[in-house]
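Hi there,

Here is the structure I promised to send over.

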Amino acid sequence: MTNSAIRASGFDPADFDPAGFDPAELNANGAEPDEVESGEYEPILAEEPSTGEMELADRNSLRRVSGLSTELADITEVEYRRLRLERVVLVGVWTEGDAEHAEASLAELGRLAETAGSEVLDGLVQRRDRPDPATYVGSGKVRELREVVVATGADTVICDGELSPGQLRQLEDKLKVKVIDRTALILDIFAQHASSKEGKAQVELAQLQYLLPRLRGWGEAMSRQAGGRAGGATGGVGTRGPGETKLETDRRRIHKRISKLRKEIAAMRTVRGTKRGRREANGVSGVAIAGYTNAGKSSLLNAMTGAGVLVEDALFATLDPTTRRSSTPDGRPYTLTDTVGFVRHLPHQLVEAFRSTLEEVTGADLLVHVVDGSEPAPHEQVAAVREVLSEIAEEHGAPVPPELLVVNKIDSVGSTRIAELRRLLPGAVFVSAHSGEGIEALREIVADRLPRPEVFVDALVPYTRGELVARVHSEGELVDEEHTAEGTRVRAKVRSDLASALAPFAGTG
């Protein structure tokens, strides 16, 4: 039995004390003698792990061991990058708001860097009216930043904003280390966490759209494949002509790949739309769970449906939407869909690439907006989520569905903080997906907010059409039912499509 299997069964080898073990106290079945009855031994089986637990085990299967050198000569693909931690310095430009807001933004950038597999060494914030068009932070701050990089031994600088190609080139030339921006960092996290075919295609599309205007080359990489007399010297007969630079070749290939990915995602969007249309045709309401990253959306889905999806204390831990079926206390079915998380200044490349996934929100009957109650400024996170959702709804010409604010993680805050949150977020529901507090009340509120059948029918359905009676029970609100010699007399509130199916039998008998 492996160590992971032993831990899954509830036993940790680190807790075993050989000195306190007496074999005489155990019989052949592993139980104390006075507790074993003849022929009634029942083995203890380990509980089957959920899908989320297995995914989490895979993510944590490779970790860096402190004190050991892990610098490899050639790293082509390392799972989750836990074998080689980059040492980074953060830098941000404070253009609006107060100092607390700027520090919170840089702290979030640090959490993003750690999620990507980096070790944060230091962070700098500069107060400016606007970012410097040449170096983002200005020439004086660049010199100070270079001194910090040398003193800490950092190999990467991460900027809290989206850098232009010129700013990126200038900073790397002056700092002599790799420089990336907030957008590239988020794209890297998405690339690590994407697992489904659709998720991987969406992330690749976003990365290529980000990379296209930032392609660079040096030396021979910028030279033409052939051209004029140079073709005779390097390429020989058949290669003379205007030629094409390596940069132009890369751009052409990226354009072709982007076009192919867009076609694949469009086909996946069609499949997703077909599934959504089937649910709507069957009269199944939809609830979308949205919110800031790491607010506890997946935990809430598990608590309400027992889905068993991946739960991890990390930013953007889950990207692929998960849909599970549930029902209201009075028996009406509905679906719960966990969507991708949001963050401040979510890259527009991601919004475009994940548009088909985010459409699940605009097509829902109810939006459950999850808020992290332990965050110091939850109202800013709420505003960031609403901004992106409004943008998507506006492009599709559909309104944002009715919103239900749900404050999660109340088990980690005190009563004073809860009272403050009730004042800050009026009308919100307070729950703890971890402890289960408030989950039953949330189920009842969701059931009350879902659309109810509006058409009242009184019909005598023949026994040969029992499927209609079954639909009345599952989709409508039954008022009265009576079994007669001719059939089943039902009085109920149903949706318009079911009312049309019952129309031939309405008013008979």
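A pocket here is an open set of points on a 1 Å grid over the protein atoms alone, with protein on both sides within 12 Å along at least five of seven lines, and its lining residues have an atom within 4 Å of a point. Grid points are joined across faces, edges and corners, and a volume is the space filled by probe spheres set on the points.

Please keep in mind that this is a predicted model, where local features need pLDDT of at least 70, side-chain atom pairs count only at pLDDT 80 or more, and totals for chains, interfaces and linings use all residues. Residues are numbered from 1 along each chain as its sequence is written, and side-chain values use heavy atoms, without hydrogens and water.

The largest pocket has a volume of about 760 Å³. Its lining has 30 residues, and S105, D160, G161, R344 and H345 lie nearest the centre. Helix 13 gives the most to that lining, five residues. (Helices are DSSP runs of H or I with at least four residues, strands are E runs of at least two, and both are numbered from the N terminus.)

Overall, the chain has 17 helices and 13 strands. Of its 509 residues, 42% are buried, meaning under 20% relative accessible area with a 1.4 Å probe, protein chains only.

Q126 counts as buried because its relative accessibility is 17%. Leaving aside neighbours within four places in sequence, Q126 is in contact with G92, V93, W94, V137, G138 and K141, contact being heavy atoms within 4.5 Å.

Best wishes

Key: Buried means under 20% relative accessible area, exposed over 50%, partly exposed in between (1.4 Å probe, protein chains only). On a 1 Å grid over the protein atoms alone, a cavity is a set of points where a 1.4 Å probe fits but cannot get out, and a pocket is an open set with protein on both sides within 12 Å along at least five of seven lines; lining residues have an atom within 4 Å of a point.
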